[in-house]
Amino acid sequence: MHLPFSYKERIVLRIIRIVITASGILYQGDILLAQEMKKDTLAYPLLSGSDSVVVTAFRQTYLLQQLPASVAHMTRKDFAFLGATSMLPAVNQVPGVRMEERSPGSYRFSIRGSLLRSPFGVRNVKVYLNRVPLTDAGGNTYLNLLPPGMLGEMDILKGPAASSYGAGTGGVLLLSSKNDVQKPVGTHVSAGIAGGSFNLFRQNLSIEQNNEKSQWRIDQDHQQSAGYREQTAFRRDAVAFQWQQKVGIHTFHSQVFFANLFYQTPGGLTLTQFRQNPRQARPATATLPGAVTQNTSVSNQTAMVSVAHEVSLAANWNIQSFLLGGKTKFRNPFITNYEERRENNLGAGTSIRFFKSKQAYKIEWINGIEWIRQRADVTNFANNKGNPDTLQWKDDLMANQWFAFSQLAIQIKDWRLEAGLSVNNQQFRFERTSVPGSRPQLRNLNVVATPRFSISRKIHSRWQMQLLVSRGFSPPTLAEIRPSDGNFYGDLQPESGWNVELGWRWNLVPGRLNWTASFYRFQLNQAIVRGNNAAGVEYFINAGRTLQPGLESSLQWQIIPVSSKSKWQLNWQTGYSYQPYQFIEYRQGTTDLSGKSLTGVPRHMLTIGNQLTHSAGFYCNWQLNATSTLPLNDINDEWAAPYQLLQAEMGWKMRNRGKEWHFFLAADNLLDQSYSLGNDINAAGRRFYNVAPGLSFMLGIRFNARSALF
């Protein structure tokens, strides 16, 4: 189907085609000698500088610069920006990825437009923490429970990755608490305290012990704020313990995590209310009370425990397994009701890996299976000013999900081929226990096969191209099968679609200047979209088909590299994404919405960042995020205005005898723009806007020390 691109957009696409054609004849004679990477992986030869970053994706280990997929890699240094109070500044620098904040603590995370069905939280993106699923069997992820300061690394896999990670069409988020820099043997302590605008306060403490065969780490984090708007108070306390022990050929890893999260939800505003007073909460109407009166909020207490085991057999076999369990207590006073949930989660998984390396070829084959299950008791009451009142309904819900996968990778000289396949199954069970004599309703989604193929070639040591073809499958989540209107939507169909992608990575100047770009075309069938009734209570329907082509490009440049001749270092990066997504087959009753732009997705996003450091410890970092207009409803008759978000941080690190004191001053929204970062798409009463904070500041101190302190 022909896309109605504008004249300027057709010119841009034509220029892109010319660049692709021309790039094949450049740098033909420029060969870089590189050092061989000494690991049992299929990674290409190691380059220098930033090209030596090693990441894990599709359950294999790669060098980032030679990875045959669209993957973004971030470390603890990225999350530390703006006092490590939020993941948003780091994540939103990645082309094609968008993290939104409706109010402090209320996040949405999307990859290539996957938030179409996410009124809040994270859906259609599979999330793992230390190789253990954080996404539950119902398809939901409480990403807001994790303080950014507890994370060491993050890898974002863009596009369908069901061949290795199960159901999902948006992508995969791989989180790790390990350090991006390996610490030496001994005890390490770090602590921090920060405060700022809107009564922001954060305090954190970490203690880590490392020796040759075991490591343990304790993290504690507290954060609170009053918020920019009415009804936006936020408080989170989190504690995590991790332990790793090596015994011969075995490695055991356990983690215990607990978080107590509370945040108020101010609700969306109309455009008129936004312009009159952007700091107000959702006001009352003739038929419904306002957010302040109803004390709208979310309370979440979650505990998670997991144990993982890894063993190496002979020289070519490796087995990894895990067990997990978790409990969640969730309360949500809303305008029209008061919901309580008790969730119990169980999961297990195992994979076996075979690898073999010869001079002429390398081969890696991974097979595995994962299973997760959730049992939830959900009770809805009338909301009497933030307190549960008359019982509306009580339900017993169950979600059961499993998938099995097989993945083969072969490298022959400069060619690399990968093929993967998974089979996926999802089951739901719904029973309204508050109605005597009601019978359980079952929904079983048949086994679905999801393949992935990729072929890549290293043209020479500075340039690699890859072609990927993959299929994604995403069943409705438990919160979509049984949304807040209390009905069971057993006929809601899963999403599925094929993605075709062409990309390249170009090391223009070894260790200093890197450019990556990718072009993709993703067609999604049975797209799930959010609707609202007159009272603002949500439900979900299948919208037909969407077409999601796009371009992503990023450039990293060490303008002044690290050297003994200069005391300064200057880094620059920029990213751009072009997302002209559309509904290509979508009807709402008698209204044909085919050809409309995809709801909530900006067509253009540009990011620019700069880091300037001095050997004496002084530094200054800033970044700019420019986002174009985006449609706020499916009919496209109201659009959010574009905005330019400028953020900066400057500080001084003093080091002496194993101790480091770090003082910093940070500023958010330096241009003091009035914008909505977390829009309520398709909102009832046209209450689309959740206003982000204006100009704000933060001041903080961090302290790090190794065992010499003791």
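Modeller: Let's start with surface: accessible areas come from the Shrake-Rupley method with a 1.4 Å probe, and for residues only the protein chains shown count as cover. Here the protein exposes about 29,400 Å², with carbon and sulfur atoms supplying 59% of that. Keep in mind that this is a predicted model, where local features need pLDDT of at least 70, side-chain atom pairs count only at pLDDT 80 or more, and totals for chains, interfaces and linings use all residues. Residues are numbered from 1 along each chain as its sequence is written, and side-chain values use heavy atoms, leaving out hydrogens and water.

Colleague: What share of the residues counts as buried?

Modeller: Buried means under 20% relative accessible area, exposed over 50%, partly exposed in between (1.4 Å probe, protein chains only). In this protein, 57% of the 710 residues are buried.

Colleague: And how many helices and strands are there?

Modeller: Both are DSSP runs numbered from the N terminus: helices are H or I, at least four residues, and strands are E, at least two. This protein has 7 helices and 38 strands.

Colleague: In which order do the strands of the open sheet with mixed pairing lie?

Modeller: Two strands pair if DSSP finds at least two bridges between them. The 5 strands run in the order 3-8-9-6-7. Strand 3 (71-75) and strand 7 (132-133) are the edges, each with a single partner strand, so one side of each has no neighbour in the sheet.

Colleague: How many bridges join strand 6 to strand 7?

Modeller: 2 bridges, and strand 6 (residues 125-129) runs antiparallel to strand 7. Y128 sits opposite P133 in strand 7.
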